[in-house]
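Please keep the sequence and the model open while reading.

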Amino acid sequence: MKDDIIIRKEDVVPYIYFVCSMAQRGRMYGGLSGKSDYIGGIFDRWINIIPESVIFNKYFLPKISKNLSVISDYYEYDPKKSGIAPDVLGVRIGQDAKPFVEYVNKWQALNKAPQIEVKSFKKTQYMVTLRNQGYDDKYLVMVETNLDVDYLLPFFEKEVISDDIYKKLKMNDDVFIKSNTNDDLSPVTKVTRENSDLGSLKLITVCLAKDFMRYSNLCSANESPIYVKEITETRQPQIDTTVEPLLNYLTKNENGLYHWKANILDENIKHKILDVYISGIQNVYYVRNSKSSITVITKGSATFNDTVLEAGKAYIIKFQLLDRASNNGEEYFINKTIVEKIPSKENDMLNDIKQFIE
């Protein structure tokens, strides 16, 4: 799926209510504490559950039938005691519910029911990640979200966004401002919102969790991934510069991605460079490296992750470290630009849903 799906106000209202309910009861599971988290921070940390209903109701389920809707998880429970329910509890066929799981003192999957986890990532994120919580045999639906920075604004329009409030915020500049030559001081601007759209999302991929883990890199406790952040063209090195095949530094995995033989950026054993996708690697030659980049030249065309490298050019491949020095858990990482290399299981997931509800 390449097209964006618009997230509208009505898509978010149930989740707003759900978060408000938890906040009032002081039951903030999953690392949230009613004592230390105000409701504003809680919204930001729970907003990633919105794609579950949007992607299924507006994209997946209409492919099966027009009268289907997803059943999201609006239960409150401690996952340490109750286990972790899949993100999709089931589907509703008209008014009838078809569950994929049931609760018998703990969550457990129904026989032959598809088990689906939805993972959302911001558009600005460079990596896709996974903490394996018994996901091996589950489908992963990975979604990229692009919410407006003021996505909550439409819910405040009547009470907050009014001319009366704006007038109360206007300062008496003649009294307070004697000099402002650098324009460092600015008054409040009038807030406007032309529509109720909150942003958009689009599908990254649907895959099996075990396939995702097979294609990604596992970082152990306190180990930090180094990922490709940017590839830019640069000037050609001097003609007498010694170069060598980039392949000398890489080895090809069974999954088709290339693994770095060593960390050529620094010597920290707790830093791991993530695997990359390269086609035409025989045309790419290593020139030099710094602590955050490598310089290569091409003697033919190639592709590095999703960037096309033209023949006869020089490029700087810039890397970025995600510091996990204080993280005690294991986590899988892969560059978002090469997630499409993981085998897609979208049709398999849709067929499993269809067969189970029939």
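The points below are grouped by topic.

This is a predicted model: local features need pLDDT of at least 70, side-chain atom pairs count only at pLDDT 80 or more, and totals for chains, interfaces and linings use all residues. Residues are numbered from 1 along each chain as its sequence is written, and side-chain values use heavy atoms, with hydrogens and water left out. Helices (H or I, at least four residues) and strands (E, at least two) are DSSP runs, numbered from the N terminus.

**Helix 1 against helix 3**

- Two packed helices are described by the angle between their axes and the distance between the axes.
- Helix 1 (residues 9–25) packs with helix 3 (residues 50–60) at an angle of about 140 degrees, and their axes are 10 Å apart.
- Axes are lines fitted to C-alpha atoms, for helices over the stretch in contact, and angles run from 0 to 180 degrees between N-to-C directions.
- Helix 1 and helix 3 are therefore oblique to each other (under 35 degrees counts as roughly parallel, over 145 as roughly antiparallel, 65 to 115 as roughly perpendicular, the rest as oblique).
- On the helix 1 side, Asp11, Val12 and Tyr15 meet Ile50, Glu52, Ser53, Val54 and Lys58 of helix 3; contact means heavy atoms within 4.5 Å.
- The residues of this contact divide into 4 nonpolar, 1 polar and 3 charged (Ala, Val, Leu, Ile, Met, Phe, Trp, Tyr, Cys and Pro count as nonpolar, Asp, Glu, Lys and Arg as charged, and the others, Gly among them, as polar).

**Helix 3 against helix 8**

- The axes of helix 3 and helix 8 (residues 346–357) come within 13 Å and cross at roughly 85 degrees.
- Helix 3 and helix 8 are therefore roughly perpendicular to each other.
- Phe56, Tyr59 and Phe60 in helix 3 meet Glu346, Met349, Leu350 and Ile353 in helix 8.
- This contact has 6 nonpolar residues, no polar ones and 1 charged.

- An open sheet of 3 strands runs in the order 2-3-4, with antiparallel pairing; two strands pair if DSSP finds at least two bridges between them.
- Strand 2 (68–72) and strand 4 (96–99) stand at the edges with a single partner strand each, so one side of each has no neighbour in the sheet.
- From one strand to the next, the twist averages 30 degrees.
- Strand 3 (residues 88–93) pairs with strand 4 in the antiparallel sense over 4 bridges.
- Val91 has Lys98 in strand 4 as its bridge partner.
- Helix 8 packs on this sheet and touches strand 2, strand 3 and strand 4. The direction of helix 8 makes about 120 degrees with that of strand 4.

**Positive phi in loops**

- Most residues other than glycine have a negative phi.
- Lys112 has a positive phi, near 70 degrees. Lys112 lies in the loop between strand 6 (107–109) and strand 7 (116–122).
- Lys112 counts as exposed, at 73% relative accessibility (buried means under 20% relative accessible area, exposed over 50%, partly exposed in between, with a 1.4 Å probe and protein chains only).
- Asn305 also has a positive phi, near 55 degrees. Asn305 lies in the loop between strand 20 (302–304) and strand 21 (307–309).
- Asn305 counts as buried, at 5% relative accessibility.

**Leu201**

- Leu201 lies in strand 10 (residues 197–208) and is buried, with a relative accessible area of 1%.
- Leu201 and Ser179 are 22 residues apart in sequence and 46 Å apart in space, C-alpha to C-alpha.
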